[in-house]
Amino acid sequence: MQDIYILGIESSCDDTSAAVIRNGVLLSNVTASQAVHEAYGGVVPELASRAHQQNIVPVVDQALKRAGIEPTQLSAVAFTRGPGLMGSLHVGVSFAKGLAASLAIPMVDVNHLHGHVLAHFIKETPEDHHAPQFPFLCLLVSGGNSQIVLVKSYKEMEIIGQTIDDAAGECIDKCCKVMGMGYPGGPIIDRLARQGNPKAYTFAQPHIKGYDYSFSGLKTSFLYSLRDWIKEDEAFIEHHKEDLAASLEHTVVDILMKKLRLAAKELKIRDVAVAGGVSANTGLREAFLDHAKRYKWNVFIPKFSFTTDNAAMIAITGYYKFLDRDFCSMDKPAYSRISAQNG
Ligand code: KG4
């Protein structure tokens with residue numbers, strides 16, 4: 001059988017990434033991150049699309065070189081069509097269309113969130129068989145999403161719970177900003193939390209039915225508590241930053257795991273995965289390992305390089321769609337929101 005080579009392209013936010021897989025096995029995964037946003041405390045869409053324009057050609061070139069293949073060997077180009085920032089998506093989508101047209105090969109469009117979930121199927125060697133069994137649950141937590149996804153097959157996924165306001169990563173980032181600690185807050189809070197007491201402070205927890213989440217109340221509770229404590233001690237944050245970070249992280253993880261436990265119990269599912277940028281968090285990873293022991297879950301935690309946005313997850317999702325001959329026509333536009341996916 002002829003080898004299947006898929007080039008994956010990811011440009012939905014502030015990472016330009018390209019990856020090559022052969023028959024489902026990863027050959028290369030190259031990512032250029034954009035430091036330009038740090039000074040602004042968040043991603044600036046205009047700057048992100050400009051940086052994608054600068055990065056896309058060298059990143060794809062590197063990915064092909066590291067994979068040791070020529071563009072003419074590619075079977076298809078898979079690309080993130082949405083959701084994400086429109087200006088950023090346009091760069092990857094247009095590049096993918098141009099390349100596929102010039103090579104006369106099919107294109108496969110990938111939903112970015114499906115990509116995060118299917119990151120668990122990336123094989124780094126042909127012998128790599130550590131992947132969840134269908135159906136499984138995936139906690140998808142990033143700067144823009146907090147969802148519990150029931151994954152029935154490579155292409156059938158049902159969101160059974162999601163945040164009704166802020167995402168978990170957004171909440172952590174905003175609380176970190178309130179502390180004056182920089183952006184993105186996730187890795188900063190994670191580092192500080194390792195030296196703090198997670199039970200030092202108690203913050204508000206939401207009471208929402210079913211499997212949905214809410215994080216805006218926690219953010220407000222954190223802000224108001226800080227405001228009161230600073231009245232007593234101007235340098236409160238500096239004196240207690242480790243305990244504040246640990247308590248914040250503990251509360252976020254507690255909220256996330258409670259609903260996930262409920263879903264796993266009610267749906268009688270033991271294979272439970274985590275994906276998205278916040279899955280890099282040490283406290284959340286520890287909670288997964290703890291649940292594996294306590295509730296006999298089979299847990300799946302991605303490698304750090306596959307937690308944040310990367311093209312390997314786009315390439316593997318594209319690979320499974322390619323096997324189904326589920327191709328994308330040239331006239332399909334990028335979409336910024338899921339609801340516009342069929343446009
Ligand atoms: O998936 P991602 O790279 O981008 C999208 O939002 O699509 O996720 C980024 C989020 C940010 O909120 C960032 O602060 C958070 O992931 N994050 C973390 C950690 N590393 C990244 N949150 C907690 N702990 C971390 N170690």
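Helices, of at least four residues, and strands, of at least two, are DSSP runs numbered from the N terminus, and the legends below use these element names for a model that is predicted.

**View 1. The loop that holds P83, with its cis peptide bond.** In the predicted model, P83 lies in the loop that runs between strand β4 (76-82) and helix α2 (86-103). The peptide bond that joins G82 and P83 is cis, and its omega is about -10°.

**View 2. The loop that holds P135, with its cis peptide bond.** P135 is found in the loop between helix α3 (112-118) and strand β6 (136-141). Here F134 and P135 are joined by a cis peptide bond, for which omega is about -10°.

**View 3. The loop that holds N23, and its backbone angle.** Between strand β2 (15-22) and strand β3 (25-33) there is a loop in which N23 lies. The phi angle of N23 is near 50°, which is a positive value in a residue other than glycine.

View 4. A backbone N or O atom of G277 lies 2.9 Å from an oxygen atom of the ligand, while for G186 a backbone N or O atom is placed 3.0 Å from a ligand oxygen atom. For G169, the distance from a backbone N or O atom to an oxygen atom of the ligand is 3.4 Å. On its own the ligand has 550 Å² of accessible area, and the protein covers 85% of that area.

View 5. The ligand sits in the largest pocket, and the elements that give two or more residues to the shell around the ligand are α4 (168-178) and α5 (185-193). Helix α5 provides the largest share of this shell, namely three residues. Of the 17 residues around the ligand, those that come nearest are G143, D173, G186, D190 and G277.

**View 6. The shell around the ligand by residue class and by domain.** Sorted by class, the shell around the ligand has 10 polar residues, four nonpolar residues and three charged residues. At least three residues of the shell are drawn from each of domain 1 (5-128 + 306-323) and domain 2 (136-268).

Conventions:
Residues numbered from 1 in each chain as written. Predicted model: local features only at pLDDT ≥ 70, side-chain atom pairs only at ≥ 80, totals over all residues. Heavy atoms only, no water. Near = heavy atom within 4 Å. Polar contact = N/O pair within 3.5 Å; in protein donor to acceptor, adjacent residues only side chain to side chain. Areas by Shrake-Rupley, 256 points an atom, 1.4 Å probe, with all protein chains shown as cover. 1 Å grid on protein atoms, 1.4 Å probe; cavity = no way out; pocket = protein on both sides within 12 Å on 5 of 7 lines; lining within 4 Å. Sits in = over half its atoms within 2 Å of the grid points. Nonpolar A, V, L, I, M, F, W, Y, C, P; charged D, E, K, R; others polar. Domains from an automatic or database assignment.
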